[in-house]
There are 2 protein chains.
Amino acid sequence: MHRIPRVLRGAVGGSRSRTAAYQTRRASTSGIEPRPNNIGDGIGSETAKAVQLPSCRSAPYLRRTHTCKSLSGSDVDKKVTVAGWIQPKRRATRNISCYNLKDGLGEIQLVVWGDASDPLQAMMDAIPTQSAIVAEGVLKLRHINQKRDYPNGDIEILLKSVQVINPADRNLPLMPHDIHNLANEKVRLRHRYLDLRRTELANNIRKRSEVAHLVRTILHEHDFAEVETPMLLKSSPEGAREFIVPTRLSTSAPDSTSLNDDQSPGVNTESASTPRFYALPQSPQQPKQLLVISGVVDRYYQLARCFRDEDGRKDRQPEFTQLDLEMAWVSWGESNGSRPEPEGATEPHGTWRMGGSEVRVIVETLVRRIWSRFEATELPGQFRVMTYDTAMSRYGSDKPDLRFGLEIQDITQLMSDSVRQALAERDEMVEAWILPMGSAVQFMRGARRVLLQGDSKLERIKVANDNDGTWLSRSRVLRGILGIDSEGPMDCPNVNSVLDLNDGGVVFLSRRQRKPEGGSTALGRIRIEVANMAQSMGDLGLSSEPQFLWVTEFPLFTRADADKEFLAHGRWSSTHHPFTAPMWEDIEKMYEGKIEEVRGQHYDLVLNGVEIGGGSVRVHDPAMQEHIFENILRLTDQEKATFDHLRQALRSGAPPHGGFAFGFDRLMAILCKAESIRDVIVFPKTGAGADPLFKSPAPVDPSVLAQYGIRPQRLS
Amino acid sequence: MHRIPRVLRGAVGGSRSRTAAYQTRRASTSGIEPRPNNIGDGIGSETAKAVQLPSCRSAPYLRRTHTCKSLSGSDVDKKVTVAGWIQPKRRATRNISCYNLKDGLGEIQLVVWGDASDPLQAMMDAIPTQSAIVAEGVLKLRHINQKRDYPNGDIEILLKSVQVINPADRNLPLMPHDIHNLANEKVRLRHRYLDLRRTELANNIRKRSEVAHLVRTILHEHDFAEVETPMLLKSSPEGAREFIVPTRLSTSAPDSTSLNDDQSPGVNTESASTPRFYALPQSPQQPKQLLVISGVVDRYYQLARCFRDEDGRKDRQPEFTQLDLEMAWVSWGESNGSRPEPEGATEPHGTWRMGGSEVRVIVETLVRRIWSRFEATELPGQFRVMTYDTAMSRYGSDKPDLRFGLEIQDITQLMSDSVRQALAERDEMVEAWILPMGSAVQFMRGARRVLLQGDSKLERIKVANDNDGTWLSRSRVLRGILGIDSEGPMDCPNVNSVLDLNDGGVVFLSRRQRKPEGGSTALGRIRIEVANMAQSMGDLGLSSEPQFLWVTEFPLFTRADADKEFLAHGRWSSTHHPFTAPMWEDIEKMYEGKIEEVRGQHYDLVLNGVEIGGGSVRVHDPAMQEHIFENILRLTDQEKATFDHLRQALRSGAPPHGGFAFGFDRLMAILCKAESIRDVIVFPKTGAGADPLFKSPAPVDPSVLAQYGIRPQRLS
């Protein structure tokens, strides 16, 4: 006796009950148009009461004639067959009921005429929501009262028959059509295959594909070539934040064929049982530089998967996608040198004074064309440019949000001589972020709530009638400069006029090192925090006009990056990476050891206060690269060895080159108005790096680990 | 005193000697056209003897006006500036010398007028080959005698000045222009950044980008969406051949934010110090099925990186690229069932009797358009189709090379009754591969040399005057059937006429199980081996007409795959993967336990005897999938758990679906006429998985491993 599980009987094409049903169907339609409300294949019984849902159909079925997207008013009165997922009954009178059918490209309304005793009606009622069905019927224009302003809102299918292809479980873990009652994100991630059936999420994923293809098409038009760089790369000595990939020891076994016994020189001295590892790339930085140096392509791009193993932070993913590009023969700026940036850079565009203008042009082209097509917004021919120093002074941020003004002001010059002298001795300054009563009502509630967290160099002062002549001299921050008890003449007679505080307002005061460091200042953080609070309280509505901005001329080296200190151990770090070129006007300073004065040819692209990408012109001079490794970053030989191939390549006639990388997930989240990048990634991981759908990461059996020459540190 | 390394003096923009040189240049050209043979920036001296090569230039330089590719006869007599790598001097008279300049897109000839004492000539002589330069000059038509039939073979640049941007080392490890004296592959892989400057290799890489973009464009035209599936996936219980990726233990630390404390249920019971792993995908099979089941896209594709950690085999890479696609609502074949394949399938196209014809159409569309554009070949509207059984009987291979005929023949019917009976009892057959003297001279030398390796069921017989009446009865293989000493009447009177051996020839005889198994038979292997030998000896020239073929209706399950036995431990294995659907006509047999008779809806696309891709219609019935897992493959619960998400997804209204995957590296190797897929991968690894350029894989410090909770098995 063969063993067909009971549940399967009747399910398979060849079993008797199904075959009979098919034949009924075939007989009824052979050469004859189905009658209205003809009973489809799925109906195994003649009476509504006895409707029994057929099980899954693994056999030939009606071929669809149209996707939902391809239907239109021009098909009216045609017989059409569509396939998709049945949605809940939407509208019903005693004799009419409506169901949406949804496929991977759209939706269409199915209409069934007939009361509950009608077999087709009974069948439709019996099919669980989200089942896969094929529906056959006649396309009709909707009644004028039923027309809606969404795709296919003007048409519907008068259902003639239905085939149930795969009935869904009645108790699905979540119902993607029930958008007003969404399951929590954990549940939705665990059952992502269902959540993806939700229209909003599906639209994001499809838009991602369209944006990617537009980007590729533009880049090919501009002579870029897409090149796939390795994902199994070399691990760096510290291995910070990278994923390592053990490989089976067989690779070190001797082998007779010519290229199979090739051992990488670095591991020749290791015993055969020393486990060996690749590393997944955090970005294709080195491969792409090698590519452009080699000349295999003049202009490279790649939608590149990158990997970072780090503590879960909100909205980070262990794997993410960069739109990565690199160009040979980028400029190194203009020979007339770096003029000081004009005063009052409210001038329309600012000045791009570095090299890499070719990169700027292609990046702006990409963004303009994406915004034109997907946002119906025509962006300016060139985006605004601002140096890092200007951005930090005026907005306290290296990614200023320009959707609102309220710049930070340097008020050092308003101080008394003794205060200014004391500040100068410490190389410090005093700045203020001011919310005048009149012009910034929308920020006031936020300003009152923001927390200062006991920073002794930071202060909030409410200026009103009772203190408008004394607030400056009573400032805790300013008094702290000369010693807590001193009462220096700090007040400036016309300070309230200068600062637009005649009607009162709120002042945030901060004392800081004159040379900005890192990504933000105290007042910059407050400016954003207050704006966010104002937005969330409904006080501030920001313009939907996107504010793109290039931030340029970053310091090339830093000691202020806590993230990098982990590797630097007190040495200088590269602000971005060690391949970024200095501005050519600063090269002499670099060799003279004035490290902190050297500006790099780095550029970040900022949109509404969010960094959406960055890049730089690279060092192409092998001696300069060596100087940076050796004399500035003071790399150990082992650290330097990681860059051997690049150092060699620079000696083979490397052309000037530079590039850029967009954070593609972030860009898509912006284009999709999504709150999280998880909403634009088809199978995302949680902030902790867990994948609730595929259930990774997971333990691996020690016997498997042994094949890689490794074992758990503590055996359980 | 600042510390500029000696070698750098003069290299940087701001140093005195360089500045002077720039100013000379600027003065000489300001407003004045350069005189012929004007000395360019790079020349620091007035006399040829004292030419000193400038070091690397990290400062503004002349902007190129053209890439080599963009130059054309229409620019004649224009002043142009190009940038690229200087190639060796190609042609010289006393007063003229020529150099090619190569950039990432093409080449152009530079011509220098002037004898060795001329400063520009001396400068050009001093620049090391492969240095990066900028050349300024006037575009000229070549003299009629100098015109050549390659790109830019009709034009040249009369050089006016040159800027050396980055001089190459004089002793480069390999010279990419010296194509007649290539370094060995090990050296070339180690210095890939130079080898990639070789035109042939560079063309391959650029063609790869163009093919990929064409493929994407076609698929978008057909409503496919590209979706990036995860690379950090779940490891399978045995972990055979997959790469695992340990992740830092911090991911298991508790975290307060809502999605950061989400632990995958499978690991809840593990202690916090149990190391946990992702796995890299061997293909995106499960994610892509989930995608199409979810309905997020109706048609999915991806150029997907895949990973396989296995013993180095020739021309395999641990990371490789698939053009992967999947479609919802593919057909399940025709209702009239599976007619037997017509006799004599030399009929033009054969019959596609399975489902998935939608996949066939898009795959053929892709191939036709690639071949049309890149091979200037118009392929037939439909490719030929052959069942696995037919392919195995006629060609002894599941990927027959149809560029030559010489089919294998079943000669069982020529045997005497007793032999036939003995064969039937063992379910065996006798087949012959025959090279008649007249028609297959080109195979003879190869046929004589092929080694049979002592297989007792395989035999080579030369038929000539001395044995043309007796060869069959004396056959060792045939006599073995009835016992070694028997002398059964095995001869057939007109055997030589039937087999076209009247003029003699060579016969390979083989006895085998009637039901074919695996990828080839003994005679199939010999057929290919002899053809390869004939080709390499110059005896056989195959038509360049590509022979595409679909091989269909594979057995769904196998016990004959040694590779799979590793995991199967004596159980049935899926011939391809456990998600492949049976042909619907065979479903009943499957439930009846006639496992070996069940054919799958699997299709391979074969080109000239090479499998370039494959795919199938998948199981969408959750009960059928369960039956396959449980009752046929007899998976353990742990093995089954790997497929949990898929099993759940099938219960949520999964539509019929099917797909395909091209081996993109292999496809590109064919299009580039490359011998190895290494020639179409920009940074390939050796057969043993080593990367001689990036020097991976490499040991990792135990302190780093400890962060992942692992350690080397043997501490050194």
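**Entry 1: a strand pair.** I began with strand β16 (residues 548-552) of chain A, which is joined by 5 bridges to strand β19 (residues 602-607) of chain A, the two running antiparallel. Strands here, like helices, are DSSP runs numbered from the N terminus, with at least two residues (E) for a strand and at least four (H or I) for a helix. Two strands count as paired if DSSP finds at least two bridges between them. Within this pair I found A:Val551 opposite A:Asp604 of β19(A).

I noted the ground rules next. The model is predicted, so I kept to pLDDT of at least 70 for local features and 80 or more for side-chain atom pairs, while totals for chains, interfaces and linings use all residues. Residues are numbered from 1 along each chain as its sequence is written, chains are lettered from A in the order in which they are written, and side-chain values use heavy atoms, without hydrogens and water.

**Entry 2: the sheet.** I then looked up an open sheet of 8 strands in chain A, with mixed pairing and the order β6-β9-β10-β21-β20-β19-β16-β11. Its edge strands are β6 (225-226) and β11 (384-387), each of which pairs on one side only. Strands of a sheet pair through backbone hydrogen bonds, either parallel or antiparallel.

**Entry 3: two copies.** How is chain A superposed on chain B? I found a rotation of 180° with 0.0 Å of shift along its axis, at an RMSD of 0.1 Å. The two copies are therefore related as by a two-fold rotation axis. In chain A, the C-alpha of A:Val245 is the one nearest the axis, at 2.4 Å. The superposition is by least squares on C-alpha atoms of residues with pLDDT of at least 70 in both copies.

**Entry 4: the interface.** I listed 184 residues of chain A in contact with 183 residues of chain B, contact meaning heavy atoms within 4.5 Å. About 15,700 Å² is buried between the chains, 59% of it from carbon and sulfur atoms. Buried area is the accessible area (1.4 Å probe) that two parts lose on being put together, summed over both.

Helix α5 (residues 199-221) of chain A gives the most to the side of chain A that touches chain B, with 9 residues.

I also saw strand β22 (residues 710-712) of chain A pair with β22 (residues 710-712) of chain B, antiparallel, over 3 bridges. There, A:Pro712 has B:Ile710 as its bridge partner.

**Entry 5: salt bridges.** I counted 93 salt bridges over all chains, and 16 across the interface of chain A and chain B. The rule asks for a side-chain nitrogen of Lys or Arg within 4 Å of a carboxyl oxygen of Asp or Glu. One of them links A:Arg216 and B:Glu226 (3.1 Å, N to O). A:Arg216 lies in helix α5 of chain A and B:Glu226 in strand β6 of chain B, so the pair joins two chains.

**Entry 6: backbone.** The peptide bond from A:Ser696 to A:Pro697 is cis, with omega near -5°. I placed A:Pro697 in the loop between α19 (664-671) and α20 (702-707) of chain A.
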